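This report describes one protein chain for a reader who has not seen it before.

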Amino acid sequence: MSLLFLLVACAAAVLSCALLCRAALAAARAVPPTPRAAAATVPDPGAAERHASGLTLYEMAYLSGGPQRLADVVLVLMAQKRRLLLADTGWATVVDPVGTDAVERAALTAIGPEGQRRIPAVRSALVGDEAVRRVADHLETQGLAQPAAVRPGIGGAVRLVQGAALVVLLSAVATYWTAAPGADTGAALLWFTLPQILTLGLWAVARFELHPYSDWATVAGERRLPGRTGSRGTPDVPATPSGSLITLALRGPTALTDPSLRAALHSSGA
């Protein structure tokens, strides 16, 4: 039985570490194209004065949390503009059916002609909308976003390594508890240190070399995000509606200070 547990632990460790190395290599190969190519597809920027980082609000949201985060940002943005009402029960209701950019218009289209729809359905429709894909394509063209072919990125791979480290530990515990009474389990447990050293060692290297992890932004994209260049603290943003949107874009719905908006997004599965 101990051999079976050891094989499971080794397989989990080797596979997860191989996936992390592959993700890191793919991220390193994601180099920005020539300026001429980068300028070929410029999306409707929307929301859209650019931050000091050179990114729009939508671009920051996509690089930080992907299309789902971008969808949350545009919904909250439109709620702050009194164009939408986001109820804490998880419903989005149109108040003013006027969109100022392509993503806002896509949100109104996702809600539909009845003017009311559940937020998860609106979010799902927005994720696949052409306006959101244009933001993603523009960032990929600039070398700031991970290409679809290499997702999930480093963040997902690191989580797999963390899970593998837990599998190795649980396998060792299972080996100890299923051993026959009085049996010497020391030698068997010693073998589990090898996959554990592999997972914890690679995790430590990733933490030192690749942090902060991202499933969406490349290394270049991470460096462009506010507060990410050599700083792991809270981004320095103004205490204004615009600042709260930047914080939402970077950190997600948990960063919202408005309890009704936070409840609306969380009650809908954000």
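## Burial and overall make-up

A residue counts as buried when its relative accessible area is under 20%, as exposed when that area is over 50%, and as partly exposed in between. By this rule both Asp72 and Arg123 are buried, and they return below as partners in a salt bridge.

The model is predicted. Its chain has twelve helices and three strands. Of its 270 residues, 42% count as buried. Among contacts between residues at least 6 apart in sequence, 69% join residues at least 24 apart.

## Helix 3 and helix 6

Helix 3 covers residues 57-80 and helix 6 covers residues 130-141. The two pack at an angle of about 130°, and their axes are 10 Å apart. This angle makes helix 3 oblique to helix 6. The crossing of helix 3 past helix 6 is left-handed.

Which residues bring helix 3 and helix 6 together? From helix 3 come Tyr58, Glu59, Tyr62, Leu63, Pro67 and Leu70. They meet Val132, Val135, Ala136, His138, Leu139 and Glu140 of helix 6. Sorted by class, the contact between helix 3 and helix 6 has nine nonpolar residues, one polar residue and two charged residues.

## Helix 7 and helix 9

A second pair is formed by helix 7 (residues 154-178) and helix 9 (residues 193-209). Their axes come within 9 Å and cross at roughly 155°. Angles over 145 degrees count as roughly antiparallel, and helix 7 and helix 9 are therefore roughly antiparallel to each other. Their crossing is left-handed.

On the side of helix 7, the contact is made by Val158, Val161, Gln162, Ala164, Ala165, Val168 and Leu169. On the side of helix 9, the residues are Pro195, Gln196, Thr199, Leu200, Trp203 and Ala206. The contact of helix 7 with helix 9 divides into ten nonpolar and three polar residues, with no charged residue.

## Salt bridges

Side chains of opposite charge can pair when their charged atoms come close. How many salt bridges does the structure hold? There are four salt bridges.

One of them joins the side chains of Asp72 and Arg123, at 2.9 Å from N to O. Asp72 lies in helix 3 and Arg123 lies in helix 5 (residues 119-127), so this pair ties together parts that are 51 residues apart in sequence. Both of these residues are buried.

Lys81 forms a salt bridge with Glu104, and the closest N and O atoms are 2.8 Å apart. Lys81 is in the loop between helix 3 and strand 1 (84-86), while Glu104 is in helix 4 (residues 102-111), so the pair ties together parts that are 23 residues apart in sequence. Is Glu104 buried or exposed? Glu104 counts as buried because its relative accessibility is 0%. Lys81, with a relative accessible area of 36%, is partly exposed.

Glu130 and Arg133 form another salt bridge, with 2.9 Å between the closest N and O atoms. Both residues lie in helix 6, three residues apart, which is about one turn of the helix. Glu130 counts as partly exposed at 39% relative accessibility. Arg133 counts as partly exposed at 39% relative accessibility. Elsewhere, salt bridges that share partners join Lys81, Arg83 and Glu104 into one network.

## Two single residues

Arg82 is placed in the loop between helix 3 and strand 1. Most residues other than glycine have a negative phi. The phi of Arg82 is near 65°, which is a positive value in a residue other than glycine. Arg82 counts as exposed because its relative accessibility is 61%.

Leu57 lies in helix 3. With a relative accessibility of 8%, Leu57 counts as buried. How many residues apart in sequence are Leu57 and Leu250? They are 193 residues apart in sequence, and their C-alpha atoms are 9.4 Å apart in space.

Definitions and conventions:
Residues are numbered from 1 along each chain as its sequence is written. This is a predicted model: local features need pLDDT of at least 70, side-chain atom pairs count only at pLDDT 80 or more; totals for chains, interfaces and linings use all residues. Side-chain values use heavy atoms; hydrogens and water are left out. Axes are lines fitted to C-alpha atoms, for helices over the stretch in contact, and angles run from 0 to 180 degrees between N-to-C directions. Helices (H or I, at least four residues) and strands (E, at least two) are DSSP runs, numbered from the N terminus. Angles under 35 degrees count as roughly parallel, over 145 as roughly antiparallel, 65 to 115 as roughly perpendicular and the rest as oblique. A crossing is left-handed if the near helix is turned anticlockwise from the far one by less than a right angle, and right-handed if clockwise. Contact means heavy atoms within 4.5 Å. Ala, Val, Leu, Ile, Met, Phe, Trp, Tyr, Cys and Pro count as nonpolar, Asp, Glu, Lys and Arg as charged, and the others, Gly among them, as polar. Buried means under 20% relative accessible area, exposed over 50%, partly exposed in between (1.4 Å probe, protein chains only).
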